[in-house]
Amino acid sequence: MDYYDADFKRRKMEPMYWFNKSSEMRNSAGALWFALSNTDDVNEWLKLNCNIRSGADYSAFDMLCGLSLELIYKAVIVSKKIPPPDNTHDLNRLRVLADIKATEKEAAILDIYTHAIYWQAKYPVAKKSEYHRNYVKLVDDNLYESIPGLNPKIRKPNNAMGWELFFKLWVDGAENFEKANPNLFG
């Protein structure tokens, strides 16, 4: 085995590499959240005129959140000396493998983040109609609510997704990582 193969194998099973990359993605999501909260200033800084959509995008925020959670869950999995699963971004599958609990609502939000990783933040349309259907249903069921006294088809956003929920999910993962690696944090 040459140096590069040995380095690859070591990095793949080094929990701190996974944790650090998760932290970087979390920080990038935080920067984007700040940009989403300060759209006019961001547009001015980017020199975008009023007719151009903001440089900040909620779907990109969702993708960065999802990627950060994927990596924190894989950090916990690797801490248990289990190779991280290849070819999956399914956050609930990874969360279960990492033995991290979630409420039903949190699991649904993780499914939305999974869609953002796979396609929703990167492409204008999913590869299959069923992916789009599943995503729209998840969003409708979890991110909107009926307005009391009005036609049930008229709904409003419930603001369930945002920095606070993402950060809570990330901290849950980080606490599990710390428990699995007590010597790393002295």
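## Charged residues and a helix pair

Glutamate 70 touches Thr88, His89, Leu91, Leu94 and Ile117, with residues up to four places away in sequence not counted; contact means heavy atoms within 4.5 Å. The model is predicted, and local features need pLDDT of at least 70, side-chain atom pairs count only at pLDDT 80 or more, and totals for chains, interfaces and linings use all residues. Residues are numbered from 1 along each chain as its sequence is written, and side-chain values use heavy atoms, with hydrogens and water left out.

**Overall layout**

The protein chain contains 8 helices and 2 strands. Helices (H or I, at least four residues) and strands (E, at least two) are DSSP runs, numbered from the N terminus. In sequence order the pattern is α-α-α-α-α-α-α-β-β-α. The C-alpha trace spans about 60 × 40 × 35 Å along its principal axes. Of the 186 residues, 39% count as buried; buried means under 20% relative accessible area, exposed over 50%, and partly exposed in between (1.4 Å probe, protein chains only). Of the contacts between residues at least 6 apart in sequence, 60% join residues at least 24 apart.

Glutamate 70 belongs to helix α4 (residues 58-79). Glutamate 70 counts as buried because its relative accessibility is 6%. Its side chain is joined to that of histidine 89 by a polar contact of 2.8 Å. A polar contact is a pair of N or O atoms within 3.5 Å; within protein, one must be able to donate a hydrogen and the other to accept it, and residues adjacent in sequence count only if both atoms are side-chain atoms.

Lysine 74 also lies in helix α4. With 7% relative accessibility, lysine 74 counts as buried. Apart from neighbours within four places in sequence, lysine 74 is in contact with Trp18, Pro84, Pro85, Thr88 and Leu94.

**Salt bridges**

Side chains of opposite charge can pair when their charged atoms come close. A salt bridge is a side-chain nitrogen of Lys or Arg within 4 Å of a carboxyl oxygen of Asp or Glu. The count by this rule is 11 salt bridges. The table gives some of them.

| Pair | N to O distance |
|---|---|
| Lysine 12 and aspartate 86 | 3.6 Å |
| Lysine 137 and aspartate 141 | 2.8 Å |
| Aspartate 140 and arginine 155 | 3.4 Å |

Lysine 12 forms its salt bridge with aspartate 86. This pair links distant parts of the chain, 74 residues apart: lysine 12 is in helix α1 (residues 3-12) and aspartate 86 in the loop between α4 and α5 (91-97). Lysine 12 is partly exposed at 25% relative accessibility, whereas aspartate 86 is exposed, with a relative accessible area of 53%.

Lysine 137 and aspartate 141 are both in helix α7, and because they are 4 residues apart, about one helical turn separates them. Aspartate 141 has a relative accessible area of 42% and is partly exposed.

Aspartate 140 is bridged to arginine 155. Aspartate 140 lies in helix α7 and arginine 155 in strand β2 (residues 155-157), so this pair ties together parts that are 15 residues apart in sequence. Aspartate 140 is partly exposed, at 35% relative accessible area; arginine 155 is partly exposed too, at 29% relative accessibility.

A network of salt bridges links Asp7, Arg10 and Arg11.

**Helices α6 and α7**

Two packed helices are described by the angle between their axes and the distance between the axes. Helix α6 (residues 104-120) and helix α7 (residues 129-143) have axes that come within 10 Å and cross at roughly 145°. Axes are lines fitted to C-alpha atoms, for helices over the stretch in contact, and angles run from 0 to 180 degrees between N-to-C directions. The crossing of α6 past α7 is left-handed, that is, the near helix is turned anticlockwise from the far one by less than a right angle.

On the α6 side, the contact is made by Lys105, Ala108, Ile109, Asp111, Ile112, His115, Trp119 and Gln120; on the α7 side, by Tyr131, His132, Asn134, Tyr135, Leu138, Val139, Asp141, Asn142 and Leu143. These residues divide into 9 nonpolar, 5 polar and 3 charged, where Ala, Val, Leu, Ile, Met, Phe, Trp, Tyr, Cys and Pro count as nonpolar, Asp, Glu, Lys and Arg as charged, and the others, Gly among them, as polar.

Aspartate 111, in helix α6, is partly exposed at 28% relative accessibility. With neighbours within four places in sequence left aside, aspartate 111 is in contact with Asn92 and Leu138. From aspartate 111 to lysine 168 the C-alpha to C-alpha distance is 16 Å, and the two are 57 residues apart in sequence.
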